[in-house]
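Subject: Structure handover

Hello,

The structure we discussed is below, with the sequence. My notes on it follow, starting with the fold and ending with single residues.

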Amino acid sequence: MTSKEKINSAALKVFLQKGYDATSISDVVTECKITKGGIYHHFKNKEELFIEAIDYLFDRFEELEKSMYSGSTNLKQILQLYFGSLSDISEVLGEMTGSENIDVKNFYMLMTNAFMKFPQIREKHGKLHLKNQEILVELIRAAQREGVIKNNIDCETLAFMINALAEGTMIYHIMTDNIDLKEKGEKIFQNLWKGISTEII
């Protein structure tokens, strides 16, 4: 890991724990044990550090999505993995920041704040979201050609619904502590698959 990656990892951890507004460069210095000069060598201010830390996070999520899609072309398996991964976000954040105390609720609150404060972050997320949706559309079309799912389903709308179900579940999770994401992800997958599949269940 380069010194810049170490700073990004430490900064991400502090931003997730304290939020953007309450975090200072000094907090990041304390966390990553690099001098202020070392941080300013790579980043001109807190805003730039935050944007790059979020880019670092997006890059990791993009890698995970690529590995999920490259591992299988089976739509059923991919959807099961996709909804099953809802409960893995805090684990991924923990790996990236070297901390086991990252609350996934903090992640969604931080991202909401990031989208409001920084249009370039919202734009990058939008592009990644669109790329993800295009991949899903192609997988859905292939499943229709193979007779695995119903032909009367609009592929673009279904891809949108899949992403909306996943993100909506995570947002609802922020508002309540009564959701077991692993169990809920599996149930959402099962219900969705029953609705779109040609399998006799």
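**Overall fold**

The protein chain has 10 helices and 0 strands. Please note that this is a predicted model. In sequence order the pattern reads α-α-α-α-α-α-α-α-α-α.

Along the principal axes, the C-alpha atoms fill a box of roughly 65 × 30 × 30 Å. The chain has 201 residues, and 42% of them count as buried. The accessible surface is about 11000 Å², with 52% of that area belonging to carbon and sulfur atoms. Among contacts with a separation of 6 or more, 70% are between residues 24 or more positions apart.

**The largest pocket**

The largest pocket holds about 900 Å³ of space. Its lining consists of 31 residues, and those closest to the centre are Phe-61, Glu-65, Tyr-82, Ile-89 and Tyr-108.

Helix 4 supplies the largest share of the lining, with 8 residues. By residue type, the lining of the largest pocket divides into 17 nonpolar, 7 polar and 7 charged.

Just after helix 6 comes Gly-98, with a positive phi of about 70°.

Ser-9 sits in helix 1 (residues 3-18). Is Ser-9 buried or exposed? Ser-9 counts as buried because its relative accessibility is 9%, and the cut-off for buried is under 20%.

**Helix 5 against helix 8**

Helix 5 and helix 8 pack at an angle of about 145°, and their axes are 10 Å apart. On the helix 5 side, the residues that meet helix 8 are Leu-75, Ile-78, Leu-79 and Tyr-82. On the helix 8 side, they are Asn-132, Leu-136, Leu-139, Ile-140 and Ala-143. This contact divides into 8 nonpolar residues, 1 polar and no charged. On the spacing of such positions, an α-helix has 3.6 residues a turn, so residues three or four places apart point the same way.

Gly-84 is in helix 5 and counts as partly exposed, at 21% relative accessibility. Between the C-alpha atoms of Gly-84 and Arg-60 there are 18 Å in space, and the two are 24 residues apart in sequence. Ile-135 is in helix 8 and is partly exposed as well, at 33% relative accessibility. Ile-135 and Lys-66 are 69 residues apart in sequence, and their C-alpha atoms are 10.0 Å apart.

**Cys-155**

Cys-155 lies in helix 9. With a relative accessible area of 8%, Cys-155 is buried. What does Cys-155 touch, not counting residues up to four places away in sequence? The residues are Val-137, Ile-140, Arg-141 and Gln-144. As for Ser-3, its C-alpha atom is separated from that of Cys-155 by 44 Å, and the two residues are 152 apart along the chain.

**A loop residue with positive phi**

Lys-33 lies in the loop between helix 2 (25-32) and helix 3 (36-42). Phi of Lys-33 is near 55°, which is a positive value in a residue other than glycine. Lys-33 is exposed, with a relative accessible area of 72%.

Regards

Key
Residues numbered from 1 in each chain as written. Predicted model: local features only at pLDDT ≥ 70, side-chain atom pairs only at ≥ 80, totals over all residues. Heavy atoms only, no water. 1 Å grid on protein atoms, 1.4 Å probe; cavity = no way out; pocket = protein on both sides within 12 Å on 5 of 7 lines; lining within 4 Å. Points joined across faces, edges and corners; volume = space filled by probe spheres on them. Helix = DSSP H or I, 4+ residues; strand = E, 2+ residues; numbered from the N terminus. Nonpolar A, V, L, I, M, F, W, Y, C, P; charged D, E, K, R; others polar. Buried < 20%, exposed > 50% of the residue type's maximum accessible area, 1.4 Å probe, protein only. Contact = heavy atoms within 4.5 Å. Areas by Shrake-Rupley, 256 points an atom, 1.4 Å probe, with all protein chains shown as cover. Axes fitted to C-alpha atoms, helices over the stretch in contact; angles between N-to-C directions.
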